[in-house]
Amino acid sequence: MEFFGVLIPIFGVFALGFIGQKVWKFELKPISTIAIYLMSPFLAFRTFYQNEITLDYVYLSIYLVVLCAVSIVVCYLLAWINRWDKNTTSGFILASAFMNNGNYGAPLILLIFGEEGFHYAVILMVLQQLIMCTAGIYYAAKGSEQGGQSFSPLKEVVKVPIVYGAILGLLLNGLQIGIGDQVMSAVSMVADATIPTVMIVLGMQLASISLRQLEYGKLGASLSIKLLLAPVIAYAIASFLPVGDMVKAIMILTAATPTAANTTIYALQFQTKPGFVSSATLLSTLLSIITIPLLMFLVL
């Protein structure tokens with residue numbers, strides 16, 4: 001029952017966005033722009049500013065980078081076999097290669113392993129945030145389909161201020177420079193609102209999806225990569241790293257968490273299959289109710 005307690009707030013916020021969009025028909029693009037360009041930099045700054053950088057970051061960085069890279073290679077292989085275009089391939093990568101180890105994975109790890117395990121969950125959340133605001137935006141921009149308008153993926157990564165928020169947080173953290181309680185309070189107010197805003201936008205995006213328009217074949221492949229293949233890859237990576245059994249279990253469990261909600265924001269911003277990405281996010285979250293307990297039984 002405690003496991004379902006982790007999920008209730010997640011689905012509650014999704015439902016809020018879904019109902020709001022059905023009733024008031026908001027325009028989503030301005031809200032996603034605010035979340036990416038105004039709010040997310042504060043979350044990235046706080047995340048990197050408040051968490052101590054240790055050797056654990058090295059091993060967990062290797063794990064996350066290799067996991068993401070292998071998942072992307074698998075996506076490209078499927079794209080090559082099926083001869084998907086750039087827009088479809090990039091949307092498939094967004095739906096398959098990035099995990100929700102923040103508002104889903106971190107509470108789950110706290111529930112299972114307590115404060116000791118939560119320390120590693122926070123590190124993973126920090127590092128995943130950095131991957132998301134670079135590789136995630138890169139692929140969203142690469143697959144953009146906005147009335148013939150094209151984007152330079154690397155330029156889009158440079159333009160998005162999330163990266164600079166993270167760098168500034170790392171710099172002040174490393175130099176041990178304080179910013180004062182009043183400033184930090186303002187930063188936290190914006191940072192705390194970021195994840196709920198992203199999740200509300202995801203719920204709003206889901207409200208515009210028709211079941212008849214779902215690409216079930218691609219969704220099945222994406223969900224298989226995210227929920228089934230990713231933990232197998234994580235197990236292989238963890239086997240080669242000099243970390244304890246608890247950390248290995250955390251790696252495997254977080255790899256099996258659903259698609260990150262941030263991918264919907266990026267897909268919506270650049271029109272990189274937003275309907276497909278948001279559907280994958282919702283369905284992977286729903287299916288994780290089955291897959292995560294099964295994986296817990298095998299791993300723990």
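R46 has a relative accessible area of 16% and is therefore classed as buried, where buried denotes a relative accessible area under 20%, exposed one over 50% and partly exposed the range in between, computed with a 1.4 Å probe on protein chains only. The structure is a predicted model, in which local features need pLDDT of at least 70 and side-chain atom pairs count only at pLDDT 80 or more, whereas totals for chains, interfaces and linings use all residues. Residues are numbered from 1 along each chain as its sequence is written, and side-chain values use heavy atoms, with hydrogens and water left out.

The partner of R46 in a salt bridge is D192, and the closest N and O atoms of the two lie 2.7 Å apart; a salt bridge requires a side-chain nitrogen of Lys or Arg within 4 Å of a carboxyl oxygen of Asp or Glu. Because R46 belongs to helix α2 (residues 28-50) and D192 to helix α8 (residues 181-206), the pair ties together parts that are 146 residues apart in sequence; helices are DSSP runs of H or I with at least four residues, strands are runs of E with at least two, and both are numbered from the N terminus. D192 is partly exposed, at 49% relative accessibility. Under the stated criterion, the count comes to 3 salt bridges. Another is formed by the side chains of E156 and K159, with an N to O distance of 3.2 Å, and these residues, 3 apart in helix α6 (residues 153-159), are separated by about one helical turn. E156 is buried at 5% relative accessibility, whereas K159 is exposed at 53%. E215 and K218 also form a salt bridge, their closest N and O atoms being 3.2 Å apart, and E215 is partly exposed, with a relative accessible area of 28%.

A search of the whole structure returns 7 aromatic pairs, a pair being defined by ring centres of Phe, Tyr or Trp (its six-membered ring) within 6.5 Å, with planes under 30 degrees apart counted as stacked, over 60 as edge-to-face and the rest as tilted. One of these is the tilted pair of W24 and F26, at 6.3 Å centre to centre and with 40° between the planes; W24 is exposed, with a relative accessible area of 60%, and F26 is partly exposed at 41%. The rings of W84 and F92 have their centres 4.9 Å apart and their planes at 50°, so this pair is likewise classed as tilted, and both residues are buried.

L124 is located in helix α5 (residues 105-142) and is buried, with a relative accessible area of 1%. When its neighbours within four places in sequence are left aside, L124 is in contact with L60, Y63, L64, N101, I250 and T254, contact meaning heavy atoms within 4.5 Å. For L124 and Y63, which are 61 residues apart along the chain, the C-alpha atoms are separated by 9.5 Å.

With a disulfide taken as a pair of cysteine sulfur atoms within 2.5 Å, the count comes to 0 disulfides. The cysteine sulfur closest to that of C68 belongs to C75 and lies 9.0 Å away, which is too far for a bond. C133 is likewise in no disulfide, the nearest cysteine sulfur being that of C68, 12 Å away. C68 is buried at 8% relative accessibility, and C133 is buried at 0%.
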